[in-house]
Amino acid sequence: GPSRAGKSTLAAALAKRGYQVIADDACFTRADADGAIMVWPGIRRIRLWQEAVEALGFEGAGIEREIRGYNKYLIPVAPPADPYGPRPLRRFYCLAKSQGDEAPEIERLHSADAIGLLLSNVYRIKLAERLGLMPAKFAACAAVARRVPVFRFRRPKRYELMNAGLDLLEAHFGARL
């Protein structure tokens with residue numbers, strides 16, 4: 001999702017509910033020999049603004065203030081069972097900014113819409129353009145869209161409304177597609 005949409009806050013809230021955080025901000029993906037899209041774990045911490053730390057109740061040992069002058073904190077997360085091995089990407093959710101306090105919703109995207117959403121979330125896409133790598137990035141996003149269901153997830157940004165979005169996501173995780 002876009003900057004300040006609440007991606008890290010959502011990941012931290014899911015971690016509080018017992019979900020494994022694979023990466024915050026960026027992760028590496030690649031198709032394996034069978035074409036399955038694999039995701040490698042990232043750094044084992046989540047960067048949260050102070051308001052999110054307080055709203056989610058993070059406190060105690062291991063929490064560090066970021067040194068770059070931001071009012072952000074580094075929250076450690078438990079390492080996965082295999083901290084270096086890839087895992088299959090089963091679904092892709094893009095967090096969209098909500099317009100207000102409307103109910104959370106999940107929308108499945110197909111074909112060009114799914115590819116466009118994936119492209120908009122490629123890290124440093126402008127650098128890929130300058131290096132002439134856009135055809136490869138487009139092909140990679142198209143491969144993901146063919147193999148992995150792509151969704152847009154909208155949730156209210158207010159912390160007191162977060163549980164409704166988390167409940168919807170948890171129900172969606174268990175739904176058959």
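Student: Hi! Is Arg158 buried, partly exposed or exposed?
Tutor: Arg158 is partly exposed, with a relative accessible area of 38%. Buried means under 20% relative accessible area, exposed over 50%, and partly exposed in between (1.4 Å probe, protein chains only). This is a predicted model, where local features need pLDDT of at least 70 and side-chain atom pairs count only at pLDDT 80 or more, while totals for chains, interfaces and linings use all residues. Residues are numbered from 1 along each chain as its sequence is written, and side-chain values use heavy atoms, with hydrogens and water left out.

Student: Which side chain does Arg158 meet in a salt bridge?
Tutor: That is Asp101, at 2.2 Å from N to O. A salt bridge here is a side-chain nitrogen of Lys or Arg within 4 Å of a carboxyl oxygen of Asp or Glu.

Student: How many salt bridges does the count come to?
Tutor: Eight. One of them joins Asp167 and Arg17, at 2.8 Å from N to O. Asp167 lies in helix 6 and Arg17 in the loop between helix 1 (7-16) and strand 1 (28-31), so this pair ties together parts that are 150 residues apart in sequence.

Student: Which residues are linked in a network of salt bridges?
Tutor: Glu105, Glu107, Arg152 and Arg154 are. Within that group, Arg154 pairs with Glu107, their closest N and O atoms being 3.8 Å apart.

Student: New topic: how many aromatic pairs are there in the whole structure?
Tutor: The search finds four. Rings of Phe, Tyr and Trp (its six-membered ring) pair if their centres lie within 6.5 Å; planes under 30 degrees apart count as stacked, over 60 as edge-to-face and the rest as tilted. Tyr93 and Phe173 are edge-to-face, 5.7 Å centre to centre with 70° between the planes.

Student: What parts does that pair tie together?
Tutor: Tyr93 is in strand 7 (residues 92-96) and Phe173 in helix 6 (residues 162-174), so the pair ties together parts that are 80 residues apart in sequence. Ring pairs also link Tyr19, Tyr93, Phe151 and Phe173 into a cluster.

Definitions and conventions
Helix = DSSP H or I, 4+ residues; strand = E, 2+ residues; numbered from the N terminus.
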